[in-house]
Amino acid sequence: MTPTPSTEREILARVSLTRADGGLNPEALGWSRTPLHDTSGIPDRRSWGRNKRWEYWNVMSPAHIVSLTVSCVDYMSLHEIWVLDRATGESAGSTVISPGSRSAELPASLGEGPARARTRRLTIDVDESLDGTRLRGRALGVSFDIMAARPRDHDSLGVVVPWLREEGDPTRFQYTVKDVARPATGYLSVNGVAHDLPAGSWAVLDHGRGRWPYRVHWNWAAGSGIVEGRVIGLQLGSKWTDGSGTTENALVVDGRLSKLGEDYVWDYDPERFMQPWHIHGETADLTFTPFYDKHSQTNALVIASRTDQLFGVWSGWVRDDEGARVRVDGIEGFAEDVLNRW
């Protein structure tokens with residue numbers, strides 16, 4: 001077996017995402033196993049309208065799927081609580097768009113403070129502790145209090161993606177942390193009926209800070225579960241990283257992360273999202289079989305978004321950075337196709 005180490009630069013010490021003039025710090029380019037980027041330079045008034053900040057969490061239990069979003073994109077804030085009953089297919093929750101940033105509280109850098117949303121229709125609180133992240137939310141007919149545990153020596157993927165231009169420094173770039181396979185416990189209440197989150201529930205984080213182009217098309221996929229006695233986490237991305245020289249692909253086995261530097265081929269039918277997806281390359285051969293499509297679409301002239309987030313089951317294998325094939329059969333998660341004008 002041939003080892004497949006990433007050729008991308010691993011960040012090993014604290015670094016600022018931006019320079020004093022607000023531009024991308026070249027020393028920040030690379031990836032890390034733990035959050036090391038200081039993102040306090042986002043937002044910056046000199047780039048008003050292009051700054052994007054968010055915290056997104058998804059929790060999958062055997063009976064329910066829960067997601068929450070706290071976000072601000074300078075001129076507006078978007079917050080969401082969404083809950084799916086997997087047995088009935090019924091969903092509940094609220095999505096709120098408010099002008100400016102007043103309804104959103106977001107930490108300057110990951111782990112340096114809470115994330116909160118406060119509106120008349122929903123409230124969200126995300127609080128860090130030594131052993132995990134507490135997720136609390138309340139919307140019409142829904143409330144939850146969930147702990148996403150952070151096991152000892154658990155790696156997450158942090159990566160900086162620059163959108164290159166022909167001359168000069170990139171003016172658009174993104175720092176993201178994707179943290180998969182976080183064991184989740186707690187409770188959920190839907191229409192007055194309480195549900196405990198049992199063993200086998202998993203949380204996934206998407207933390208983002210950056211300056212984005214107006215039009216972006218992306219894929220994101222993740223999975224978490226136990227295969228042959230090992231905790232497996234899968235993190236994949238495509239389209240938005242094309243041509244950047246980096247990927248947001250990683251495999252986590254019992255907390256240890258292998259950075260996957262290959263750009264995989266994503267085969268799926270955008271006219272039939274519920275058909276199986278095939279994501280493959282020299283170091284992976286994966287099939288994703290959906291069971292639910294969370295579709296949303298907005299069109300407010302200048303601002304528009306179309307999201308298909310498919311939830312389902314993974315099968316296949318990924319080669320880790322020591323060259324071993326790791327099976328992912330049966331882990332659950334999602335794969336999405338998103339097109340934004342924002």
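Predicted model: local features only at pLDDT ≥ 70, side-chain atom pairs only at ≥ 80, totals over all residues.
Biologist: Why is D179 called buried?

Modeller: D179, which lies in strand 14, has a relative accessibility of 5%, and because buried means under 20% relative accessible area, D179 counts as buried.

Biologist: What makes the approach of D179 to R182 a polar contact?

Modeller: The side chains of D179 and R182 come to 2.7 Å, and the cut-off for a pair of N or O atoms is within 3.5 Å, so the pair counts as a polar contact.

Biologist: Which residues does D179 touch, if those up to four places away in sequence are not counted?

Modeller: D179 touches H154, D155, S156, A203, V204 and L205 on that count, and contact here requires heavy atoms within 4.5 Å.

Biologist: How do you know that strand 13 and strand 14 pair?

Modeller: Pairing needs at least two bridges between the strands, and strand 13 and strand 14 (residues 172-190) have 7 bridges in the antiparallel sense, so they are called paired. Within this pairing, V160 has Y175 of strand 14 as its bridge partner.

Biologist: What makes strand 2 a partner of strand 13 as well?

Modeller: Strand 2 (residues 31-32) is joined to strand 13 over 2 bridges, again in the antiparallel sense, and since the requirement is at least two, this pairing also qualifies. One of the residues involved is S32, whose bridge partner in strand 13 is G158.

Biologist: Why is strand 13 described as mostly covered?

Modeller: In strand 13 (residues 157-163), 7 of its 7 residues are buried, and that word is applied to residues under 20% relative accessible area. The cover extends to both faces, with L157, V159, V161 and W163 buried on one side and G158, V160 and P162 buried on the other.

Biologist: What is known about the largest pocket?

Modeller: The largest pocket has a volume of about 960 Å³ and is lined by 38 residues, of which L78, W218, S305, T307 and N340 lie nearest its centre. Strand 23 (residues 284-300) gives the most to this lining, with 6 residues, and the lining comprises 16 nonpolar, 15 polar and 7 charged residues.

Biologist: What makes P107 count as buried?

Modeller: P107 sits in the loop between strand 8 (104-105) and strand 9 (115-118), and its relative accessible area is 8%; because the limit is under 20%, P107 is called buried. Apart from neighbours within four places in sequence, P107 is in contact with E55, E112, G113, P114, A115 and R209.

Biologist: Which residues line the largest cavity?

Modeller: The residues lining the largest cavity include P107, together with E55, W57, L110, G111, G113, P114, A115, V126, E128 and L205. Strand 4 (51-60) and strand 10 (122-129) are the elements that give two or more residues to this lining. About 70 Å³ of space lies in the largest cavity, and its lining divides into 7 nonpolar, 2 polar and 2 charged residues.

Methods:
Residues numbered from 1 in each chain as written. Heavy atoms only, no water. Buried < 20%, exposed > 50% of the residue type's maximum accessible area, 1.4 Å probe, protein only. Helix = DSSP H or I, 4+ residues; strand = E, 2+ residues; numbered from the N terminus. Polar contact = N/O pair within 3.5 Å; in protein donor to acceptor, adjacent residues only side chain to side chain. 1 Å grid on protein atoms, 1.4 Å probe; cavity = no way out; pocket = protein on both sides within 12 Å on 5 of 7 lines; lining within 4 Å. Points joined across faces, edges and corners; volume = space filled by probe spheres on them. Nonpolar A, V, L, I, M, F, W, Y, C, P; charged D, E, K, R; others polar.
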